[in-house]
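This report covers one chain of a predicted model. It goes from the fold of the chain to its contact with a partner chain, and then to a single residue.

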Amino acid sequence: MTERRLRRPSARKAVSADPEAVTGEVDPADVVAELAGDAAVELSEEIEEFEGVDQVSADASESGPSAGGWIARRGLIAIMVLGVIAAPLFYRGDAGQTKLTWMAIGLIYIIFGLSINVLVGYAGQISLGHQAFVGVGAFTSAYIVSVSHASFWVAFVLAGVSGAISAALLGFIALRLKGLFLALITLAYGTVAQFTLFNVSSLTGGGAGARAPRPAGFTSNMQFAYLCMAVTAALLYIDWRMVRSKVGRAIFAIRENELSAASFGINITAYKLLAFTVSGVFAGLGGSLFAHQQQLVQASSFDFTFALTLVLMVVVGGLGSRVGVLIGSTFFALFPLIFNAISLYTALIGAVALLLTLTRFQGGIAQQIAPILRWFGGGSLRKQRRSHVMQPGGEGVRP
Amino acid sequence: MKAFIVLGLIDGVVYGLLATGLVLVYKGARVFNFAQAEFGTVAAFLAYWMFEKQHMPYWLSDVLAVLLVGLLGFILERLIVRKLFNAPRVTMLVATAGIALALIQLEIIIGGANAVPLPPAIQGIGVSILGVIVTPQQILTFVALVGLGLAMGYFFSRTDLGLAVLATSQEPVATELVGIGTRKMSSFIWTMAAVLGGIGGVLIGAGGAIFPSFMTTSYLLGAFTAAVVGGIDSLPGAFVGGVVIGLTRDLGGYFLPKTIPGGPNLLVFAVLVLILLVRPQGLLGAKA
Amino acid sequence: MSVLDVTNLGIRFGGLEALAEVNLSVREWEIVGLIGPNGAGKTTFFNCVMGVYKPSTGSVSYRGTELIGLPTHHRVTMGIGRTFQNIGLVKVLPVIENMLIAQHAKTNYGVLSSFFGTPSVLEEERTLRRNALEILDFMGLAPYRNAVVASLPYGLQKLTEIAAVLASDPEFLMLDEPTSGMSPEEAHAFGELLVRLRKELNLTVLMIEHHVPLVVAVCDYVYCLNFGRLLAEGKPDEIRRHPEVVAAYLGEEHATA
């Protein structure tokens, strides 16, 4: 055994050796460390010698970037974020109005991306009918505002709730079905939503569509863009916190090793449904913003192409990676704007990009720019260990 | 109501045809081919272009269209399906959905988003069967597809190649050892599936208007349900399932109140959920 | 006093009777061994106790409470911890993340708070991390805390799994071949670790094992399964010399201890 210095358990502070105390309030780990001696340490040393591990395989002992390095990284991020926040103030005239519209749409697509990422990325499910949840949110919001004449905020919340319910319904089915059959059901679910649910004239205005006026105080494009920005930021925060909490860990554990997750006390049924519900909330809220952005919701928008666009923008961006979702979503939302082309080509490019991603570049765009992302996270630009890459429906590790 | 039964049977054989393609790919690659119906749309558009724009003979247009779509299936298998041999099945399924999307977009870009009429193969007034007017095109479709179904039945049970296809799906490793190449088999299966889809497209599209994605929009969900109802790994089941779904849909259209939009579709969805929850192996499939 | 009482356990899979008429009990603070040739039904037995399978007959009682019918995660919160033959961890995640997952059941904040990062959440996360590091430290795994489990050698993965199951604060440990892949020296060291853990944490252990010297050295009682049925039970020394047990293992490399 070479350089490693292990903290010898006996160096820790003394703890009562009374067995009664063990089952009381004392943390067993303390007791074990103090009293059990070096048994475990010896064991791991044995294993290392036997298997020839003589070097730490983790990055734990790496020092990370210097203070200056952190300032550079954080500073750059801050500048980019401030740039995005300030940009709407500088959009003037007609061209500015268009930019504001696209900005709002881009942000809304990011919300959709987060929604898909929770379900397909973290939970490992498949969703080819996701437009159903978005549409439910959109139509709910439109109806509540224009027919029930309630405030936008009520509509917004109810859109999230209705999105959650529509997703949870599918979640119940997903408890019994897996893989290909589930995928088929999600496709069918989306189709039924488009042709049946969204065509009930009394609720959705039938062919003409439902009106969804802008909320008071956010009627201009700039104001609405800022509203979208705020909501997107809030949902990004929620997604971030969820991942770093027991909920996020549980959902991911179920995806990767369901048996083992159950053995750690995770309620599989509850957390699977929770994943669908969270995904549905995001989709519904996004749907509400979508409706009020366009100010008109039509059933025809929620077709197979839309469903697949939602999935592919996340897969192409990089499944499971929040930055990937950001990139993929904005890219597909803004593609027509960037290339000044008819949105006709967007879906085609999207389909080709999807096929390329699935067959060759499995980590999506996020994997391609991984060195840059790593740098921002405090690592170095040079490639170190293999990062794990997610495929829809598959396990995390790709050799 | 008799009208709807007759229509149900005619629609049924179309669902049966598409379902056969789906079952074929499922047996060969253990995946659902979401592009199955779209092969039909492509074939219909190709036939339209050749007949209306290039003024080629109708029959030639149809045959060439189907062959070209077969070629398309062959190419897609080499380019995409091969790369995903060992990928999770859901990944492959998403890929087929991507293919469907790409095909739809290409149709829109090349052919325009509007519907165009594809004339029927046989002009003429319809005949009355059981009190309902059936066009010659519909009769042709029915007869052709029943004939095709019988031919496929013979192919898969009596010919060497057909039996080899079935063997591959049962036991891929063993069949390799015996000398049947899995790669060649994969090419064959996907080409054949594309051909079946193409045949469906030119037969069904004729006599009406075709628009980009029409086969997928109108028939894919029904075809899948038919395949599952018949038994996702049963080829004869596909035709049985097709007829069941055809009848369900059209009778549903008859019985369901018109106030429910897309009623027949909803009914098919209900059947799909029911069968997957209650008897996932379908009517003729083997219990897992 | 019995911690685990299994009576007349039986399970069929289609036509195959994987377990039949199995009676087994584990008393407080015992280390009980479960041995038998491959395919005897040992892991199936574990799965029945944990609720992964529903037995066709019999009952499984934990400290007097009937387990059959309870979902797996519920059984875990009652104090049972279980390891797997093929390593029950999320292999694509780092060791430390697995340690946090393992503490799921005792994580002290609600689902709703998880989405907002409230101070109680942050505080509890810090506590979980501290617990995790202490256990990793004790096991000598601290240097690997950020290593992805799949990148570790097999023996260390096994140790990590032990660390994880300990993190969940169990009273009753069910270990499925914890020393598979280990050398005799490692297995011996593991045995010592187990005995000390039992003493300091008041653990009761049921262990599926193939390392006969380990079983003899460490177990208080041993059950032997063959073809889904109990072949023999008794003290380790008796079992080791039991003619039928030896016969069952003939052909297995560990037949002669």
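## Burial and overall fold

Of the 288 residues in chain B, 52% are buried. Among contacts in chain B with a sequence separation of 6 or more, 75% join residues 24 or more positions apart. The secondary structure of chain B consists of 11 helices and four strands.

The C-alpha trace of chain B spans about 55 × 50 × 35 Å along its principal axes. The radius of gyration of chain B is 19 Å, which agrees with a compact globule, because a globule of 288 residues would have a value near 19 Å.

## Contact with chain A

Chain B contributes 37 residues to the contact between the chains, and chain A contributes 36 residues. On the chain B side, α4 (89-111), α9 (214-230) and α11 (263-278) each supply at least two residues. The largest share of that side, 16 residues, belongs to α4(B). Sorted by class, the side of chain B that touches chain A holds 29 nonpolar, six polar and two charged residues.

## Residue T135(B)

T135(B) sits in the loop between β3 (132-134) and α5 (136-158) of chain B. Is T135(B) buried, partly exposed or exposed? T135(B) has 19 other C-beta atoms within 10 Å, and a buried residue needs 20 or more, so T135(B) counts as partly exposed.

Apart from neighbours within four places in sequence, T135(B) is in contact with P120(B), G126(B) and G207(B). The C-alpha atoms of T135(B) and I125(B) are 6.5 Å apart, with the two residues 10 residues apart in sequence.

Notes
Residues numbered from 1 in each chain as written. Chains lettered and ligands numbered in written order. Predicted model: local features only at pLDDT ≥ 70, side-chain atom pairs only at ≥ 80, totals over all residues. Buried ≥ 20, exposed ≤ 12 C-beta atoms within 10 Å, placed from the backbone. Contact = placed C-beta atoms within 7 Å. Nonpolar A, V, L, I, M, F, W, Y, C, P; charged D, E, K, R; others polar. Rg over C-alpha atoms; globule rule 2.2 N^0.38 Å.
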